[in-house]
Amino acid sequence: MLTKKEVEKIAELARLGLKEEEKEKFAEDLSSVIGYVQKLSEVNIEKVEPMTGGTNLESVTRKDDETKNIADLKMREEILTATPDRQDDYFKVPSILE
Amino acid sequence: MNLDKLTIKKAHELLKSKEITSAELTEAFLKNIKEKDGDIHAFLSLTEEQALEQAKKVDERIAKGEPIEVLAGISAAIKDNILIRGAKATAASKILENYIAPYDATVIKKLKEEEAVFIGKTNLDEFAMGSSTENSGFGPTKNPVDLERVPGGSSGGSAAAVKAGFCVYALGSDTGGSIRQPAGFCGVVGFKPTYGAVSRHGLIAMASSLDQIGPIARNVDDAAAVFEIIRGVDELDSTSVDMKWQDYWDRPVDIEEIKIGVPREYFTHGLDPEIEKNIKSIVEKLEKEGAQIKEISLPYSDFALAVYYIIMPAEVSANLARFDGIKYGLSKSLPKLLDVYLKTRGEGFGAEARRRIMLGTYILSAGYYDAYYTRAQKVRRLIKKDFDFAFKDVDVILTPTSPTTAFKFGDKTADPLSMYLSDIYTVPANLAGIPAISLPSGEIDGLPVGLQLIGNSFDDIKLLRIAKTIETIIK
């Protein structure tokens, strides 16, 4: 159902590098799952509201409070230390411009 | 001391009466792990130093004659997708191989306040995606009951650790059955609370509208004891719910008070006939003891797995976008940012994670969104309504936990869909957000069978009490 070309397109959208030899198998696997979920087309969903989450809670927000900080200084440093590439207190990324 | 039989209640008594110290208990578990975990591989890492330090603190308090909390000084194993500050948290993925958690998950914070002892981090399918631990980036866990068979998944390491006597209880996470199915396969108790009962803050997210943390333990009392500590509203999880909970220990439930629904859709094709026999014999036994049994129908059950394989990968593809080689974890250094993404994610994620990310990306892409995602959300509503309707008449729904007992390694790895079918009876509770528990209900050819009880939303305590009554009768 899904072609190798489509798999390449999806992988690019998802930012996943695939090896050439994996593509056929992924096309096969994805097709089989997509084939399986087609069975939902048998269900009459007229006038049914979508269930959009796990609870009935709606838009839980809190007041913005800049004095409230869940990260202490040590935690802040640990978070920054976990980054693969860092300069001072910044996350460093390669250039996105050609 | 029988480490593989030790319950929270018993361990608490031993500590209080000074028959054993927490340090001795912790060391006994560590010794057992070092002797046997080479074969089982329940753990990805041990937190030995932290554990012994915590144990000694508890011992000092006991020596001073201070009262201790129920979980104090008692060893717990934690699934490796739950963050303990200062300890590795890999989610069994190469992309997080060397990641050290900079903060505690809320459940860990709560357990620390109880002075629980964390003995180590347990194996899982990568990012909790799987039903056997065969998708772990660091090798599978073996079922302590039969080393040639899988322990179930994704919380296979936690279930195996409890079964093997590596800890008294463990935490797992359950998105489509990941606590209950491995508990069933290993012959222990696994409880998935109502969505929103337990904070997900500090749980590495897989599918956010389905994920829930819960205990794996040796009996219902222990599962309840852990649940009573970890539950509660949390400002760091906006889907956690503020509830006034009943006290589990208040009063037991009499079997004659219980109305049990048995859904006919859960006893159709695909169910191992021996499991059907086992579950039906228990239903008969419960009826004889005075329970009211009612055959019920959950007509949309047949569509649950299809709904799950749309909603879940859609959420996975969004949640796993954060692993980009920039903020943490594996990073392939290349001059162009796009190549950093492609190579880091291509090499860091295993096959199942990539399959689900691609599936989610496809489903959410323009032109397919309504046909798949919106449709699935609507059918999800119908599945929820099935349960709402059923719970007007019954207190609890009784089903098998899984269609088979523990299968052999490699049996289902070639065909992802056959693996997905292992979760056919557990997925509906996640879609509906309702609580469910798996209890050991006997053995077939030496392999444990799991019985699932499903409760109504936020009836967690009622469900646990009923489970306790049923557990007593089964034993």
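Which residues in helix α1 of chain A are buried? The views below show a predicted model.

**View 1. Helix α1 of chain A and its buried residues.** The helix spans residues 4-13, and Val7(A), Ile10(A) and Ala11(A) are buried in it. These residues lie on the same side of α1(A), because they cover an arc of only 100 degrees around the axis. Their cover includes α2 (23-37) of chain A. It also includes α11 (351-363) of chain B. Arg15(A) follows α1(A). Its phi is positive, near 55 degrees.

**View 2. The side of chain B that touches chain A.** Here 42 residues of chain A are in contact with 56 residues of chain B. Elements of chain B that give two or more residues to this side are α9 (304-319), α10 (337-348), α11, α12 (369-390) and α13 (416-420). The most comes from α12(B), with 11 residues. By class, this side of chain B has 31 nonpolar residues, 13 polar and 12 charged.

**View 3. Strand β5 of chain B, residues 189-192.** Val189(B) and Phe191(B) point one way from the strand. Gly190(B) and Lys192(B) point the other way. All of these residues are buried. In a regular strand, side chains alternate between the two faces of the sheet.

**View 4. The strands that pair with β5(B).** Strand β6 (residues 212-217) of chain B runs antiparallel to β5(B), joined by two bridges. Val189(B) stands opposite Ala217(B) of β6(B). Strand β10 (residues 436-444) of chain B also pairs with β5(B) in the antiparallel sense, over three bridges. There, Ser438(B) is the bridge partner of Gly190(B).

How values were computed
Residues are numbered from 1 along each chain as its sequence is written. Chains are lettered from A and ligands numbered from 1 in the order in which they are written. This is a predicted model: local features need pLDDT of at least 70, side-chain atom pairs count only at pLDDT 80 or more; totals for chains, interfaces and linings use all residues. A residue is buried if 20 or more other C-beta atoms lie within 10 Å of its own, exposed if 12 or fewer, and partly exposed in between; C-beta atoms are placed from the backbone. Helices (H or I, at least four residues) and strands (E, at least two) are DSSP runs, numbered from the N terminus. The arc is that of the directions from the helix axis to the C-beta atoms. Two residues are in contact if their C-beta atoms, placed from the backbone, lie within 7 Å. Ala, Val, Leu, Ile, Met, Phe, Trp, Tyr, Cys and Pro count as nonpolar, Asp, Glu, Lys and Arg as charged, and the others, Gly among them, as polar. Two strands pair if DSSP finds at least two bridges between them.
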